[in-house]
Amino acid sequence: MRQQLKYYIAGSLTVCIILLMYLYTRFQGQDLDAPLQAPSLKHLLGTDQLGRDFFTRLFLGTGVTLGLTFTVIILSVVIGLTLGLIAGIERKWFDQLLMFVADMLLAIPSFIIALVALSLISNSMLGLIYSLTLAWIGRYLRYFRNLTRDIQKRPFITYAVLSGNSKLKTTLTHTIPHLISDIFALITADFGKIMLSISGLAFLGLGIKPPTPELGTILFDGKSYFNGAPWLFFFPGLLLGGCALICQIINRKLTR
């Protein structure tokens, strides 16, 4: 009961803080007469080279980065889970073909796959989503296929089949529910990594184009003013590192 109360209080505080930050950004605009202004009461994190409130830029950029990360990881999990379930249950030529593809994807670093795929598909936001999904899907294919094969050996799956349940019903009512905790653990483990990959590609000028705010593009803009306005480079990097650290802490708590 106390644990649930802690989670409720933490969730409520998080929602309140996000709401307050959103209300703050609604009252901030562009101040052309105050470019590169240091953090102050008027501009909590200062202004950028165009006089825009930097807190507002970070808030919007974080939303874009998190939205892209959620999209990539949901696509990777859905595709990887679907194909992994089929491969783990059927165990025929489809399984061999799928594992061959997964092994090829796992043999190459995901960032390199994303770079190559992005140059071949389209240097756009959609191209970024497709390329990162392709880069990460090999890990999910093998992971869910192996988990499915392990679950298929358990007695409750055998009893479900003997009781007359079809493969589809057994998968939906028995196999997938037993994978939920593993899915959440994998998402929290990879969320920060995918987030860093998106910002890394954006920092290189790939995927996200100005004026769309994204933490990687904000970092790229800030590096030119590192000596005179270090907050333009420090705060986005701190935010990226903090998000990745929080994801790892959550993952450790889930996998205990």
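Reader: Is Cys 247 buried or exposed?

Author: Cys 247 is buried, at a relative accessible area of 12%. Buried means under 20% relative accessible area, exposed means over 50%, and partly exposed is in between, with a 1.4 Å probe and protein chains only. This is a predicted model, where local features need pLDDT of at least 70, side-chain atom pairs count only at pLDDT 80 or more, and totals for chains, interfaces and linings use all residues. Residues are numbered from 1 along each chain as its sequence is written, and side-chain values use heavy atoms, leaving out hydrogens and water.

Reader: On to the rings. How many aromatic pairs?

Author: Seven. Rings of Phe, Tyr and Trp (its six-membered ring) pair if their centres lie within 6.5 Å. Planes under 30 degrees apart count as stacked, over 60 as edge-to-face, and the rest as tilted.

Reader: Why is the pair of Tyr 143 and Phe 144 edge-to-face?

Author: Because the ring planes of Tyr 143 and Phe 144 stand at 70 degrees. Their centres are 5.6 Å apart. Phe 144 is buried at 0% relative accessible area, whereas Tyr 143 is partly exposed at 29%.

Reader: What about Phe 203 and Phe 220, which kind of pair is that?

Author: Edge-to-face, with 5.8 Å centre to centre and 80 degrees between the planes. Phe 203 is in helix α8 (residues 180-203) and Phe 220 in helix α9 (residues 215-223), so the pair ties together parts 17 residues apart in sequence. Helices here are DSSP runs of H or I, at least four residues, and strands are runs of E, at least two, numbered from the N terminus.

Reader: How accessible is Phe 220?

Author: Phe 220 is partly exposed, at 39%. Phe 203 is partly exposed too, at 28%.

Reader: Last topic. Which residues does UniProt list for the domain?

Author: The unreviewed UniProt entry lists residues 62-251 as "domain: ABC transmembrane type-1". Such annotations may be inferred rather than shown by experiment.

Reader: What is that span made of?

Author: Residues 62-251 are 81% helix and 0% strand. The end C-alpha atoms of the span lie 21 Å apart.
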